[in-house]
Amino acid sequence: MNITADASEFEDNLSLNANNTDFKIVVGSTEYDNSNATFDLTKDVNGETAIAVYVPSSDFEQLKDVDAISADITSTRQVERYGFKYFSLIIAVLFVVFITITCVGIKEKSTVDVKTAGVGEMFKALVMNDQAMTMVITIVLVNSATYITSNLLIYFFKYDLAGANWEANYTLFNTFAGGIQILAMMLLFPLLRKVFNTMKIFDICIYAGIVGYIVLLGLALAGVTTVYPFLVPGFFIMAAVGILNVIVTVFLANTVDYGELKNGRRDESVIFSMQTFVVKLASGIAALIASIALSVFHISDTDSAIAAVDGSVVKGLKEIISGIIANGATVVSNNDIVGLRLTMTLAPIFVLVVAFTIFKKKYILTDEKLAEISNELAAKKA
């Protein structure tokens, strides 16, 4: 067996597979490479090495008793690392260049003498505007639900649906979901707006998201292993997310007039700047929840995800291979997989229900109420 890799990859456990190598493996007289097979190779710190080669089922019966195996494996992990390194550097340089051009090139001068609000005044303005606070909390919860699922989605495809083509399935699902989200914002929302008011559309989107998560959980628990059925819940969830992104922005904007009427100050900059902040906050909360789930359910994002058994990776790999033959491909326990499924579906459902409850109890800015507020502001300025 010939392995070509960076010296640093041999210092600890060496984990190679079809996703991070170019390889040629000969089993008996049959040759396999990246085009027709996959494999997992692990060497532990004690020097024990095991390789599992996954071949087409049509070849398995002829090869299962063959002992002769040779391999020529070249790691591509360092190439990927260098690629990401220089790509990140290019992005960073471009960011600095263009932001510098923006700052130097734009010389707009303010012609209005307005007192700049300090940080304390910003939060005071937000707290005093109960409708803005309601929308900030709602936005945090709605986005947290979405990000919990998106953070765990890659692990769902890798360890639950699994299979040699899990990356292609993951890419397909993400592309479909992203497209649906954009189309929902551009096309579906205007269509719904012709029939329903924004309050009703908000309700519909929350219901659609919950239904999507229930269908997703049902498909996962039913043992569906192909990606196409999962596009159905993906449609419901991401269409709901796309429209909700539009609606919550509208609702947040509505709180500006309400705040002006209630507090005598029009805090547009404070209100609108909060949306970016709360979306980032939701991203952080979701990342924390996802990290806790991965830790609790022992789900790893490493390339091999092969745990040592009695101190031996080789024994662990043998047990995994036996499990694959008996039960199908998996590298984590069934209980852990179920935990992953429940976290990425029931947790978002719970968060959406909380968001819906808070919104329905606290948000009062209907179309009629907004018209009333506009008339009162106009009367004050007259």
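Which residue is the bridge partner of V27 in β7? It is I69. Let me set that pair in context.

First, the ground rules. This is a predicted model, where local features need pLDDT of at least 70, side-chain atom pairs count only at pLDDT 80 or more, and totals for chains, interfaces and linings use all residues. Residues are numbered from 1 along each chain as its sequence is written, and side-chain values use heavy atoms, with hydrogens and water left out.

Now the whole chain. The protein chain has eleven helices and seven strands. Both are DSSP runs numbered from the N terminus: helices are H or I with at least four residues, strands are E with at least two. Of the 382 residues, 39% are buried. Buried means under 20% relative accessible area, exposed means over 50%, and partly exposed lies in between, with a 1.4 Å probe and protein chains only. Take the contacts with a separation of 6 or more: 77% of them join residues 24 or more positions apart. A contact is heavy atoms within 4.5 Å. The accessible surface is about 21200 Å², with 62% belonging to carbon and sulfur atoms. Those areas come from the Shrake-Rupley method with a 1.4 Å probe; for residues, only the protein chains shown count as cover.

Back to the strands. Four of them form an open sheet, in the order β1-β7-β3-β4, with mixed pairing. The edge strands are β1 (2–4) and β4 (30–33), each pairing on one side only. Two strands pair if DSSP finds at least two bridges between them. β3 (residues 21–27) and β7 (residues 69–75) run antiparallel to each other, over seven bridges. V27 and I69 belong to that pairing.

Next, helix α5. It covers residues 166–193. Its 28 residues should span 40 Å at 1.5 Å a residue, and the end C-alpha atoms are 38 Å apart, which agrees. The expected span is 1.5 Å times one less than the number of residues. Yet α5 has a kink of about 50°, centred on A184. That bend is the angle between axes fitted to the seven residues ending there and the seven starting there. A184 is also one of the buried residues of α5, which include W166, Y170, F173 and F189. What covers them? The cover includes α4 (130–161), α6 (198–221) and α7 (231–263).

Last, K280, in helix α8 (residues 268–296). K280 is exposed, with a relative accessible area of 62%.
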